[in-house]
Amino acid sequence: MGDTGDLPDVFDPRIYAAGIPHDRYRVLRDHAPVARQAEPEILGWPAGPGFWAVTRHADVVRVLKDSGTYSSALGATQIRDPDPADLPFIRRMMLNQDPPEHGKLRRLVSRAFTPGRIERFAATARERARGLLADAVSGAAGGEVDLVRTVTDDYALLNLTDLLGVPASDRGLLHAWTERVIAYQDPDEPPVLDARGRPVNPRSPAMLAEMFGYAQELAAYKRAHPADDVMTSLATSELADAELEMFFFLLTVAGNDTVRSAAPGGLLALAEHPGEQAGLWSGKVTMETAVDELLRVHPPVLSFRRTATHDTELAGQTIREGDKVVVLHASANHDERVFAAPHRLDLGRSPNPHVSFGDGPHVCLGAHFARLQLRVLYEEVREACGGLTLAEPPRRLVSNFINGIKSLPVRLREPSAPAA
């Protein structure tokens with residue numbers, strides 16, 4: 001597969017603790033848009049065979065749309081190779097399937113995400129955002145508050161559990177399960193080790209048994225006590241037990257962390273760009289275009305992996321059957337070939353063909369729900385304060401998969417205060 005040479009590393013999860021490595025992405029886009037990356041042993045996780053990093057927008061879209069050449073099922077969708085014994089289990093999830101199986105399952109489950117059902121959550125989400133922000137503002141010492149701890153984490157989780165129909169008493173379980181899966185590379189979330197002292201894949205059957213047992217208990221309850229929520233729809237659908245379990249896992253993790261990562265990322269971008277923030281506060285730009293631009297500059301997911309089904313060529317590189325091909329969303333979203341002045345926040349940017357929700361058959365099923373939550377939250381932040389500035393640098397998740405923010409200390413101006 002060639003030599004990595006002097007190309008910058010974009011694999012090491014620790015790089016992302018300092019932010020998206022835009023300088024490295026730019027080098028790859030300009031000189032090696034499909035670049036060989038090594039997979040050394042890092043943070044206790046074993047070394048892998050290496051992969052191709054895809055950084056240009058056109059190539060990322062090509063990979064995501066061509067499921068016949070770039071498979072989600074062959075090796076699943078994480079950079080690290082799963083245990084071969086776990087692959088049949090992992091492939092039960094729609095995320096790790098290819099057409100036609102993927103399409104059949106997606107159509108079945110999409111019935112639960114009707115526009116009407118999602119829109120009915122808008123009022124609840126707005127009330128929740130308003131309450132969380134009011135508490136954060138009232139508890140802010142000198143106007144300073146950590147918006148992740150006080151607002152965005154709870155906002156994302158509580159909205160998801162409302163949509164799913166999870167009892168309030170069980171919401172802590174969903175948070176713990178999400179942390180285990182999403183933060184497994186972060187030193188603040190120590191890995192579970194096997195008998196030989198090796199970290200256990202958080203997506204393995206053993207690690208998900210508790211969550212799956214809960215999913216079946218909740219489904220049984222919803223059949224006996226149906227309600228207007230997604231779990232009732234899934235529990236009374238044609239899904240097999242194993243498919244229902246995997247959808248509960250996917251919705252719990254992806255449904256929570258999409259907004260949980262995107263919301264503070266958008267607020268961070270606003271804090272770092274006071275001119276654009278002022279335009280949004282004054283109504284000079286629409287919230288709809290602002291939400292998409294904030295998603296462009298801070299995509300919730302950094303990477304997704306595909307596996308080549310046969311020998312092919314991508315951006316002049318020969319890709320062999322079985323090679324891992326990893327698309328880098330944040331790089332594609334800052335490709336100068338597609339976006340004018342890509343490192344400038346432009347809340348009125350239109351068109352805005354970002355790939356923060358993916359593309360092709362696997363485009364995010366909950367994208368509409370995520371956009372709704374982000375729009376409502378940003379509108380309520382605008383109502384609650386006259387603006388926000390950074391009080392301290394944010395703390396970021398150590399991950400090459402999720403673009404997470406662990407803390408976002410800001411200073412909130414009074415609603416009547418002029419912009420700085």
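**Figure 1. Arg128 counts as buried, at 16% relative accessibility.** Here, buried is under 20% relative accessible area, exposed is over 50% and partly exposed is in between, using a 1.4 Å probe on protein chains only. This is a predicted model, where local features need pLDDT of at least 70, side-chain atom pairs count only at pLDDT 80 or more, and totals for chains, interfaces and linings use all residues. Residues are numbered from 1 along each chain as its sequence is written, and side-chain values use heavy atoms, with hydrogens and water left out. The Arg128 side chain meets that of Asp162 in a salt bridge, 2.8 Å from N to O. Arg128 belongs to helix H5 (residues 115–139) and Asp162 to helix H6 (residues 147–164), so this pair ties together parts that lie 34 residues apart in sequence. A salt bridge needs a Lys or Arg side-chain nitrogen within 4 Å of an Asp or Glu carboxyl oxygen. Helices (H or I, at least four residues) and strands (E, at least two) are DSSP runs, numbered from the N terminus.

**Figure 2. Arg26 and Asp30 pair up within helix H1 (residues 22–31).** Their closest N and O atoms are 2.9 Å apart, which makes a salt bridge. The two residues sit 4 residues apart, about one turn of the helix. An α-helix has 3.6 residues a turn, so residues three or four places apart point the same way. Arg26 is partly exposed, with a relative accessible area of 38%, and Asp30 is also partly exposed, at 32%. Zoom out a bit and there's a network of salt bridges that links Arg26, Arg29, Asp30, Asp335, Glu336 and Arg337. The count for the model comes to 31 salt bridges. Another one joins Asp346 to Arg344, with 3.9 Å between the closest N and O atoms; this Arg344 is partly exposed, at 44% relative accessible area.

**Figure 3. Five strands make an open sheet in the order E1-E2-E8-E5-E3.** The pairing in this sheet is mixed. E1 and E3 stand at the edges with a single partner strand each, so one side of each has no neighbour in the sheet. Strands pair if DSSP finds at least two bridges between them. Strand E1 (residues 34–39) has 5 of its 6 residues buried, so the rest of the structure largely encloses it.

**Figure 4. Strand E5 (303–308) is covered on both faces.** On one side are Ser303, Arg305 and Thr307, on the other Phe304, Arg306 and Ala308, and all are buried. In a regular strand the side chains alternate between the two faces of the sheet. With 6 of its 6 residues buried, E5 is largely enclosed by the rest of the structure. Strand E8 runs antiparallel to E5, joined by 5 bridges, and Phe304 stands opposite Val327 in E8. E3 is also antiparallel to E5, with 2 bridges: Tyr70 partners Ala308, and Ser71 partners Thr307.

**Figure 5. Helix H2 (residues 57–65) has a buried set that includes His57 and Asp59.**

**Figure 6. Ser204 sits in the loop between helix H7 (171–182) and helix H8 (205–224).** At 6% relative accessibility, Ser204 counts as buried. Setting aside neighbours within four places in sequence, Ser204 is in contact with Asp86 and Phe89, contact being heavy atoms within 4.5 Å. Val381 lies 177 residues away along the chain, and its C-alpha atom is 39 Å from that of Ser204.

**Figure 7. The largest cavity has a volume of about 50 Å³.** Its lining is Phe11, Pro13, Ile42, Leu43, Trp45, Arg80, Tyr184 and Gln185. That splits into 6 nonpolar, 1 polar and 1 charged residue. Nonpolar covers Ala, Val, Leu, Ile, Met, Phe, Trp, Tyr, Cys and Pro; charged covers Asp, Glu, Lys and Arg; the others, Gly among them, are polar. The model has 6 cavities of 30 Å³ or more. A cavity is a set of points, on a 1 Å grid over the protein atoms alone, where a 1.4 Å probe fits but cannot get out, and lining residues have an atom within 4 Å of a point. Points are joined across faces, edges and corners, and the volume is the space filled by probe spheres set on them.

How values were computed. On a 1 Å grid over the protein atoms alone, a cavity is a set of points where a 1.4 Å probe fits but cannot get out, and a pocket is an open set with protein on both sides within 12 Å along at least five of seven lines; lining residues have an atom within 4 Å of a point.
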